[in-house]
Amino acid sequence: MLLNFSVGKATMAALPSDQNIGQGFWLTRQYNRLSLKQRRTLVGYVFILPFILGFLFWWLGPALVAGHLTMHKWNFLSAPRFVGLFNFNKMLNDPILAQSLRITVIFSAISVPLGLVFAFFLANLINAKFRFIAIFRTIYFLPSIVPAVANAILWAWLFNTEFGLINYVIRSFGGPKIGWLQDPNWVMLAFVILTIWGVGGSMIIFLAGLQGIPQIFFEAAEIDGAGRWQRLRHVTLPMMSPIIFFNLVIGFISSFQVFVSALLITDGGPQRATLFLVLYIWRSAFESQKMGYAAVLSWLLFAILMVLSFIVFRYIGSRVYYENPGE
Amino acid sequence: MGFSENPAEFVESRRSLKSYGDILFHWLTVFLLVFFAVVMITPFIWLFSSSLKTQINIFQYPPQLIPDPVMPENFVRAMTYKPFGIYFRNTILVAGLNVIAVVFTSSFCAYGFARMRFPGRDFWFGIVMATLFLPYAVLLVPSFIVFSRLGWIDTFLPLVVPPFFGGGAFNIFLMRQFFRTIPEEIADAARIDGCSEFGVYWRIMLPLSKPALITIGIFTFLFAWNDLIGPLTYLRSTENFTIAVGIASFRSQTDISWDLQLAASTAVTLPVIALFFLAQRYFIQGVVMTGLKG
C-alpha cells in the first residue's frame, strides 16, 4: 500500500521504524515523519475537507461578495457601480419593505404557535395504540411531502372564490362567500391554513419524542394519582421541552422563508398583502434587477434571523429541561 | 382484587378496570383521528377528482365530487403541452447527481466528525450546525451573484456541484448520528488487521450504514424532485427546465386552464406518494434520527 493513513489506537505497534523514514515517495516520507497526533489531525481534516471547502465556496464566499455588493448598484448588464450607503439609505425609507416586514412578522407570529400546537396535538393522537394507526400516521404526514408547485396550484384551486371546495363547504353551512385570495384581510388566514396543513414533519418529530419518554414516568405519576391532564402537564411537557424547542426554532426559520406559495398563488397580492420578505428580495433581484439592494435585504434577513434565534435561545432555551445534560 | 406489591402490576390491574372516562376518551380519540384524517386527505381527493374533470365540469357550482365524464386525457394533454419528456430527463439527471453526491460526501465528512479526534473538530461541527439553521433564502441572491460570475447561469452546475462539497448540513448531521451507533470495536478490529482510516470508512462503516444511506438518498431525491427555487433561479432556457419549473410556468401563462394545471400537479405528486409508500420506513427513520439525540 502506497499511503497507509493509519491513525487508530491499534496502529501504535505498526509505527514506522527509523529506517523506514526516507524511503518511498516524497508524500509518504513526509507523512511518515509526522507524529501520531499530527497524523490523526491530518486524516481528520482530510475527512471534513469537502465540508470546509463547501463552506468557503458556497457560504462564506457568497456572503462576502454580497457584502461587497451592498455598496454598489448592479443590474447584470453593466459593471457594478459604487454608490456608498445609497442602498442602506433606501432600505430605511422603503415603504414596500416596511409592509413586507410587517406581514412576514404577522404571519410568523400566527402560524408558528398554531402550527406547533397542532403538530403536538396530532402527534398525541397518532401516539395512541390502535390497529390501523399506521394508516393515520401516513395520512397526516403525506401533505408535508407534496411538491411545492403542486401544493401551490392545489391551494389556489381550493381557495378559489367561486368554485373552490373551501367556499363550497362554508356556503353549504350557510356561511358567506369569502374572497380568500382577493381580500387582503382573508389572504393571511389562507396562508396560515395551507401552512398548518403541512405540519407532518414536526408532527413526526413530536411523535418520536413522545415514544422516547420512558413509560415508567407515566406509571409513577398515575400511582401518585395524577389524571390525564396532570400527566400531560407534569410529565409529557417537561420531557418534550427540548423537542418543542427544536420545532419552535425550525418553525420560526421556515416561517420567514415563505416564497413559492406566495409567488405562485397570489404573486404577492392582493395589495401586497402576501409580499413576504423573501418574495420581495426575489423581486428586487430578478424582476427589478437591483442586485445591490437585494444583497442588502439578504443581509437584513440574516440579521433578523440571528437576532430572533438569539432571543429564542436566550429566553426560551434556558427553560428547556434536558434529561441527560451533555448528551 | 388484592393489593399487589409490584407497582407496575398494580397499575396494570387498575387499567383493566375501564372507567366511563376511559371509554369516553377512547372514542373521542377515534373520532378526532378520523375527523383530522378526512381534513388532511380531502385536498388530495379534490385535486385528483378535479384533474379528471372536463373544463366545463370544473367550473360548476355546486362542485361534482366524482367526475362525470372521467377525462384521463387531461394528463396526456398536460404532459404534451410542454416538452415534459425533456423536463423529466433533466429532473432525473439533477436529482440523480444530487443523490450520488450527498450519499458519498456527507457520509465521508460525517465519518470525520463522528469517529476522528483532532483539534478544531468541534469548531467545524459548530459551523455545520450553524449552516443547518441558516436558511437558504439568505443565500439566494449571494449565491446567484457568485454563480453568475462563474458563468454557470442556465446550466445545471449550480444545482449539482455544491452537493459534492459535504452534501448539506442536514445529511452530515444525520450520518454522524448513525455512525455513532456503530460499535467502535468493529473498526478497531479492522485497524488491527492493517486497515487504514479510509478503509474503515469504505469497507466497514458504509456497508453497515445502508439504512441511513438509503434514507438520505431518498430525502435528497425527493428534495431535488420537489425543488422549485433552485431551478427557477438558475435555469433560463426552456430546454433546461425541470418538471417543477415547467409546471410553475403554467401559472404565469393565463391561457393554461385549471384542468391542465391540476392534471400536471397530480402527475408530479403521484411519484412522490408512490415513493413514500415504498420507502415509508426510511422516511420516519430519517425524521426521527434528526429530531432526537441532539
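Student: Why is helix 13 of chain A largely enclosed by the rest of the structure?

Tutor: This is a predicted model, in which local features need pLDDT of at least 70 and side-chain atom pairs count only at pLDDT 80 or more, while totals for chains, interfaces and linings use all residues. Residues are numbered from 1 along each chain as its sequence is written, and chains are lettered from A and ligands numbered from 1 in the order in which they are written.

Helix 13 of chain A is largely enclosed because eight of its ten residues are buried. A residue is buried if 20 or more other C-beta atoms lie within 10 Å of its own, exposed if 12 or fewer, and partly exposed in between, with C-beta atoms placed from the backbone. Helices are DSSP runs (H or I, at least four residues), as strands are (E, at least two), and they are numbered from the N terminus. The buried residues of this helix are A:Leu277, A:Val278, A:Leu279, A:Tyr280, A:Ile281, A:Trp282, A:Ser284 and A:Ala285.

The cover over them includes helix 4 (95-126), helix 12 (260-266) and helix 14 of chain A, together with helix 7 of chain B. That last helix runs over residues 136-149 of chain B. Its 14 residues reach 19 Å from first C-alpha to last, close to the 20 Å expected at 1.5 Å a residue; the expected span is 1.5 Å times one less than the number of residues. Helix 7 of chain B bends by about 35 degrees at B:Pro142, the bend being the angle between axes fitted to the seven residues ending there and the seven starting there. Just after this helix, B:Gly151 takes a positive phi of about 75 degrees.

Helix 7 of chain B is itself largely enclosed by the rest of the structure, because ten of its 14 residues are buried. Among them are B:Val141, B:Pro142 and B:Phe144, so the residue at the bend, B:Pro142, is one of the buried ones. The cover over its buried residues includes helix 2 (36-69), helix 13 (277-286) and helix 14 (291-316) of chain A, as well as helix 8 (157-160) and helix 13 (229-234) of chain B.

The contact between the chains takes 84 residues from chain A and 81 residues from chain B; two residues are in contact if their C-beta atoms, placed from the backbone, lie within 7 Å. On the side of chain A that touches chain B, helix 2 of chain A gives the most, with 22 residues. By class, that side has 64 nonpolar, 15 polar and five charged residues. Here Ala, Val, Leu, Ile, Met, Phe, Trp, Tyr, Cys and Pro count as nonpolar, Asp, Glu, Lys and Arg as charged, and the others, Gly among them, as polar.

B:Phe276 is found in helix 15 (residues 258-278) of chain B. Leaving aside neighbours within four places in sequence, B:Phe276 is in contact with A:Leu142, A:Ile145 and B:Phe283. With 17 other C-beta atoms within 10 Å, B:Phe276 is partly exposed.

As for confidence, the predictor gives the complex an ipTM of 0.84 and a pTM of 0.85. Over residues 1-6 of chain A, the pLDDT is below 50.

Conventions:
pLDDT is the predictor's confidence in each residue, from 0 to 100.
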